[in-house]
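I opened the notebook on this model today.

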Amino acid sequence: MNRLRAILTGRIGRVVGVIVALTALADLAVERLGVRYCQPIGHEPTMAAWAYQQGAADIDVVFIGSSRIHFGVVPAAVEKAFRQATGRDIRAWCLGIEAGTVMAYHAVVRDLLQGRGAPKVLVVGLSPRAVNSNSTRNGLALTYFGSPADWWQECRSRGVWATDWRAIASGVFGRPTCLGQWAMASAGYRAEQVRSILDLRGGIHAPLGPGESEEDLPGGPSREKWDRLAAARLQFVRDDLLRDFVILGRADHAFRSMARIARERGIRLLVVNVPTHPTFDRSHKAGEYEMYLESMARTCDELAVAWQDLNVPPWRSPDCDLWRDMDHMNRRGALRLSRLLGSGVLPPHLPPSR
Amino acid sequence: MYFNSIEYPFFLLVVLFGFWALARRRCARHLMLLAASYFFYGCWNWWYLGLIVFATLVHYVVALALDGTARPARRKVLLAVSVATSLGVLGFFKYSGFFADNANTLLGALGLGRWVPHARALLPVGISFYTFQAMSYTIEVYRGALKARRSLLDVALFIAFFPQLVAGPILRASQFIPQLERDPHYDEGRAASGLFRILTGLVKKVIIADTLGVALVDKVFGTPGAASALADAAPLQILVAVYAYTFQIYCDFSGYSDIAIGTGRLMGFEIPENFNRPYIAVSLRDFWRRWHISLSTWLRDYLYIPLGGSRRGTVRTYWALAVTMLLGGLWHGASWNFVVWGAFHGLLLALTRWWQRRRKAAGLRPSTKAAVILLKRLGTFHLVCLGWLFFRALTLSDAVTALGRFGDWGQGHVHVPGEVTAVLLAAMVVHLTPTVWRVRVGDWFVRMPAWVQACSVVAVIWLASLMAQAAAPFIYFQF
């Protein structure tokens, strides 16, 4: 033991101690400087949040959800459809988070949509995968969007060996690189990407250009290919995303907290069930879907939050040509959905201001 | 669990804590290390841990039986049993599918149907490494270089020692087991040296290898999930991609070895070097003395020399070289690409041997002129690069397609990302720096105060995080 004490208080102990201290200081500096979303290369969801933080102002409606929202909403198309339907202009923004769950949406709403960044309406796109408290993807929320307080809360609520310790460790040791990324961003690094995200207002697909029409846009893969994709995808979804499906717990807590924050900030909340692929009913659909629908409708009613099921006609189309894969719409599908959102879903929630 | 994953530093700290707390209690210390090693491997697949245990028991029992008999015939049979068992397991998991597919292709071409069954077993990570390592124990006992160990724990720990379990260096029992029998003595300088090797390995893997791989090599050569772009790529693009892969595989593999050596050193173990600046080799023979040294010496000692080596005549020498390199290629994977790569090196080694013998017979000594040595190095480097093209291509036809593209020199668009150029040039420059300079940098690091070392660790972690999002597996894990 004397030997071990000597080692721990010697060089190894000092090296480890300095590493821990430097990391903690850097994490605190990231939070103090507000550069949490300026995360290292390649992580697009945080770059979209960073772009929002840098350039978004006077936004009327924010769409938040998973990659299904990221690929399914074209803000410019929403604005155009709304203008055509009501004669009024709005500014829309898409905060779709790849592999996002309601825990990630909650963190973004809590920390980003405040002050000048707070919209009038927040549309949250959900699905069973987004509200599974046992989803393996909840860790991503902790790593990329969680604050040190979130990490501490997670450790406290689940004990020292927190289920998501890996996510927390990744966040703790990876987050300080925001400082380097931020320094480079200040010098213009990735400026073009940020501008592109600002131009598309967070969306992936561009709106229709002059002379373009939706009908002329390319469609998706053949029906035979969908059937092959469906079987493989179903296995992954069942084994991973919907494993041990339960809403009650941290997903429910995150949703309720998000609703409370929106109410406190005067943000009108609209929760939608996102449209699914035409093969969904015979491929992905399982007992979780009915459970999720019933639970979300009941919870929204309890919280006096608007709930709309978009996985029914006219928002859900039987046309496979609107999809690029089992989960994400292609440009044609996104433009169609955005048009329907702007002209049919949003107007009742954005009445003319008196 | 990978060395470059977030879990590894925590795992290593726990192991180091336990190791040094049990420094004076050998049995408990080895038990802890063995449990840690099994846990390390089990994180990938707990079921396949059984294969390592099986290999351990086979070689432990056979080695004891070898020690218990002096009859040559019986000893040969015992050795054959252990080798056949090890190679049988390796063959089943690694090669049964390859042979089945090729047999069915041949039978189908002959109109006899495709009836050879395909086992489709998941390839256990590191099976080629620990199988060879376990075999070396029994072979060394057979040759009398080592006494069989009564302690099953020591044999199990030798075979499963986690720093080098899944991607080498392949240890020799006569080098490693005596280290297990000594109580470790903590030395701050050696620990700092180990830390430096780990950092060096991380830089090579995460900053150099992964950048080259993701930003260029995978895009040109393709991956199992994405088709290659070789048919349309400009010849210059393919050439740069080959250079990039040359340094990707070196930095990936030697980076792993560095981390393994550094980890061992933190516990007072000396793991032998596995690379010695292979790309400055002046001939293929020299290259194989510098590249994957633990495998090349294993093949030399346990395959090439028993086949006759260079002592049974010229024809026998070339035959032994060819078989050794063919099997060496096949060791890397069950694919015709690796067979061709091995045959390519075997042919070139045989030619090198023939040429050197001719010059020696003519009384000519190797030239010491700088220009000649430079030409030899450039020539050897490019021959090695040519071999890597076959090694990396997804299929043989892809490799042939890539070679065919060099006939359209000047065609196509070249796009090499800036970071690839920067990293590739940096890798080349570092590779060319004399070893004595790198030793000096290591010594400087060891002498630095703890806070400077800690800042270096943090800087590497942050730089690695800036350049990588996920822990990509090491290339040699697939072997």
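I count a salt bridge when a side-chain nitrogen of Lys or Arg lies within 4 Å of a carboxyl oxygen of Asp or Glu. I also note that this is a predicted model.

**Entry 1: the two domains of chain B**

I started with the division of chain B into domain 1 (7–185) and domain 2 (189–472). Their C-alpha centres lie 25 Å apart. I found 36 residues of domain 1 of chain B in contact with 33 residues of domain 2 of chain B. The two domains bury about 3,000 Å² between them, and 68% of it is on carbon and sulfur atoms. B:Phe98, B:Pro169 and B:Arg172 supply 20% of the area that domain 1 of chain B buries against domain 2 of chain B, more than any other three residues.

How many salt bridges join domain 1 and domain 2 of chain B? I get 1 salt bridge between them. I also looked up the pair B:Asp301 and B:Arg172, whose side chains meet in a salt bridge at 2.8 Å, N to O. Polar contacts come to 14 residue pairs across the interface of domain 1 and domain 2 of chain B, both residues at pLDDT 80 or more.

Next I took the side of domain 1 of chain B that touches domain 2 of chain B. Helices H1 (7–21), H4 (72–109), H5 (127–143) and H7 (173–180) of chain B each supply at least two residues to this side. H5(B) gives the most, with 8 residues. By class, this side of domain 1 of chain B has 24 nonpolar, 8 polar and 4 charged residues.

**Entry 2: chain B against chain A**

I moved to the contact between the chains, which takes 33 residues from chain B and 28 residues from chain A. Chain B and chain A bury about 2,700 Å² between them, 72% of it on carbon and sulfur atoms. I count 2 salt bridges across this interface. I looked up B:Glu188 and A:Arg11, whose side chains meet in a salt bridge at 3.4 Å, N to O. Between chain B and chain A there are 4 residue pairs in polar contact, both residues at pLDDT 80 or more.

Which helix gives the largest share of the side of chain B that touches chain A? H1, H8 (188–221) and H18 (450–467) of chain B each supply at least two residues there. The largest share, 11 residues, comes from H18(B). This side of chain B divides into 25 nonpolar, 5 polar and 3 charged residues.

**Entry 3: buried residues of chain A**

Is A:Arg175 buried or exposed? I find A:Arg175 buried, at 1% relative accessibility. A:Arg175 sits in the loop between helix H9 (165–174) and helix H10 (177–186) of chain A. The side chain of A:Arg175 reaches the backbone oxygen of A:Thr143 at 2.8 Å. A polar atom of that side chain also lies 2.9 Å from the backbone oxygen of A:Gly146. A:Arg175 belongs to a network of salt bridges with A:Glu31, A:Arg36, A:Arg110, A:Asp111 and A:Asp150.

I then checked A:Thr46, in helix H3 (residues 44–55) of chain A. A:Thr46 is buried, with a relative accessible area of 0%. Beyond its neighbours within four places in sequence, A:Thr46 is in contact with A:Tyr37, A:Gln39, A:Tyr144 and A:Phe145.

A:Cys94 lies in strand S2 (residues 92–96) of chain A. A:Cys94 is buried too, with a relative accessible area of 0%. A:Cys94 and A:Gly202 are 108 residues apart in sequence, yet 4.7 Å apart in space, C-alpha to C-alpha.

**Entry 4: salt bridges in chain A**

In one of them, the side chains of A:Glu212 and A:Arg331 meet at 2.8 Å, N to O. A:Glu212 lies in the loop between helix H11 (191–199) and helix H12 (223–241) of chain A and A:Arg331 in helix H15 (residues 331–345), so the pair ties together parts that are 119 residues apart in sequence. A:Glu212 is partly exposed, at 34% relative accessible area.

A:Glu214 forms a salt bridge with A:Arg339, the closest N and O atoms being 2.9 Å apart. A:Glu214 is in the loop between H11 and H12 of chain A and A:Arg339 in helix H15, so this pair ties together parts that are 125 residues apart in sequence. A:Glu214 is buried at 14% relative accessibility, whereas A:Arg339 is partly exposed at 36%.

Last, I noted the salt bridge of A:Glu264 with A:Arg260, closest N and O atoms 3.2 Å apart. Both lie in helix H13 (residues 250–264) of chain A, 4 residues apart, about one turn of the helix. A:Glu264 is exposed at 58% relative accessibility.

Note on methods:
Residues are numbered from 1 along each chain as its sequence is written. Chains are lettered from A and ligands numbered from 1 in the order in which they are written. This is a predicted model: local features need pLDDT of at least 70, side-chain atom pairs count only at pLDDT 80 or more; totals for chains, interfaces and linings use all residues. Side-chain values use heavy atoms; hydrogens and water are left out. Domain bounds come from an automatic or database domain assignment. Contact means heavy atoms within 4.5 Å. Buried area is the accessible area (1.4 Å probe) that two parts lose on being put together, summed over both. A polar contact is a pair of N or O atoms within 3.5 Å; within protein, one must be able to donate a hydrogen and the other to accept it, and residues adjacent in sequence count only if both atoms are side-chain atoms. Ala, Val, Leu, Ile, Met, Phe, Trp, Tyr, Cys and Pro count as nonpolar, Asp, Glu, Lys and Arg as charged, and the others, Gly among them, as polar. Buried means under 20% relative accessible area, exposed over 50%, partly exposed in between (1.4 Å probe, protein chains only).
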